[in-house]
Amino acid sequence: QKEVEQNSGPLSVPEGAIASLNCTYSDRVSQSFFWYRQYSGKSPELIMSIYSNGDKEDGRFTAQLNKASQYVSLLIRDSQPSDSATYLCAVPYNQGGKLIFGQGTELSVKP
Amino acid sequence: DTGVSQDPRHKITKRGQNVTFRCDPISEHNRLYWYRQTLGQGPEFLTYFQNEAQLEKSRLLSDRFSAERPKGSFSTLEIQRTEQGDSAMYLCASSTELNTEAFFGQGTRLTVV
């Protein structure tokens, strides 16, 4: 079992819709969870961090964490074509510094 | 404040040659990480430093790879006797010890021909 799993997509949504991106992880003691956005040919950009069960909202982005189910998601409201990118879920390994990444979900927002 | 800086941005080398990449972290960050990313995959951990100490090195990292951070500031990643399979984006990131939020540089794209 991979330590961090994401559906690779592509996930296609129309402009203005809600995009829902999902991630599961295997390390039950993980306390921090991160979402990165990566445009084609560019490096990952940190867009959300979440540490507690529940929802965390930042603008059009909402991260949701359920530690009991080992599940973290990212919702993007009012999706824009500029949101088209690959979204990477990352979890620190064994509470240490290194991050374990999922393979990323490619999102395409159609005008 | 500048972010994480990597140099060069692109490198094309012939198989068998040695290459060296440089990373300058965010100035107040004492942790520095190297990752490698191939097409369609998430970044894969290679190694990380806390100040000048190399705290962890991936089992996937062969003896041809070496990294240094001699004064706890910038870091270098050297690949000796490059192989075509080394072609990838090499990413550097930094964070503080207390907060594992890591910020990435622009990456160095290596092509081995």
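This is a predicted model: local features need pLDDT of at least 70, side-chain atom pairs count only at pLDDT 80 or more; totals for chains, interfaces and linings use all residues.
Chain A has 11 strands and zero helices, and its pattern along the sequence is β-β-β-β-β-β-β-β-β-β-β. Its radius of gyration is 13 Å, close to the 13 Å that the globule rule gives for 111 residues, so chain A is as compact as a globular protein of that length. The C-alpha trace of chain A spans about 40 × 30 × 20 Å along its principal axes. Of the 111 residues in chain A, 47% are buried. Among contacts in chain A between residues at least 6 apart in sequence, those that join residues at least 24 apart make up 54%.

Chain B can be described in the same terms. It holds 11 strands and zero helices, and from the N terminus on its elements run β-β-β-β-β-β-β-β-β-β-β. The radius of gyration of chain B is 13 Å, close to the 13 Å that the globule rule gives for 113 residues, so chain B is as compact as a globular protein of that length. Taken along the principal axes, the box filled by the C-alpha atoms of chain B is roughly 40 × 25 × 25 Å. Buried residues account for 48% of the 113 residues in chain B. Of the contacts in chain B with a separation of 6 or more, 54% come from residues 24 or more positions apart.

The next topic is the aromatic side chains. Over all chains, the structure holds 13 aromatic pairs. One of them is formed by A:Y25 and A:F33, a tilted pair with 4.7 Å from centre to centre and 45° between the planes. A:Y25 has 4% relative accessibility and counts as buried, and A:F33, at 0% relative accessibility, counts as buried too.

In chain B, the rings of B:Y33 and B:Y48 have their centres 5.3 Å apart and their planes at 25°, so this pair is stacked. B:Y33 lies in strand β4 (residues 31-37) of chain B and B:Y48 in strand β5 (residues 44-50) of chain B, so the pair ties together parts that are 15 residues apart in sequence. Both B:Y33 and B:Y48 are buried. The two tyrosines also belong to a cluster linked by ring pairs, made up of A:Y36, A:F101, B:Y33, B:Y35, B:F45, B:Y48 and B:F104. This cluster holds residues of chain A and of chain B.

Two rings of chain A have a charged residue over the face. A:R60 lies over the face of A:F61, 5.7 Å from the ring centre. A:K98 lies over the face of A:Y93, 4.6 Å from the ring centre.

How values were computed
Residues are numbered from 1 along each chain as its sequence is written. Chains are lettered from A and ligands numbered from 1 in the order in which they are written. Side-chain values use heavy atoms; hydrogens and water are left out. Rings of Phe, Tyr and Trp (its six-membered ring) pair if their centres lie within 6.5 Å; planes under 30 degrees apart count as stacked, over 60 as edge-to-face and the rest as tilted. Buried means under 20% relative accessible area, exposed over 50%, partly exposed in between (1.4 Å probe, protein chains only). Helices (H or I, at least four residues) and strands (E, at least two) are DSSP runs, numbered from the N terminus. A charge sits over a ring if NZ of Lys or CZ of Arg is within 6 Å of the ring centre and within 35 degrees of the ring normal. The radius of gyration is taken over C-alpha atoms; the globule rule is 2.2 Å times the number of residues to the power 0.38. Contact means heavy atoms within 4.5 Å.
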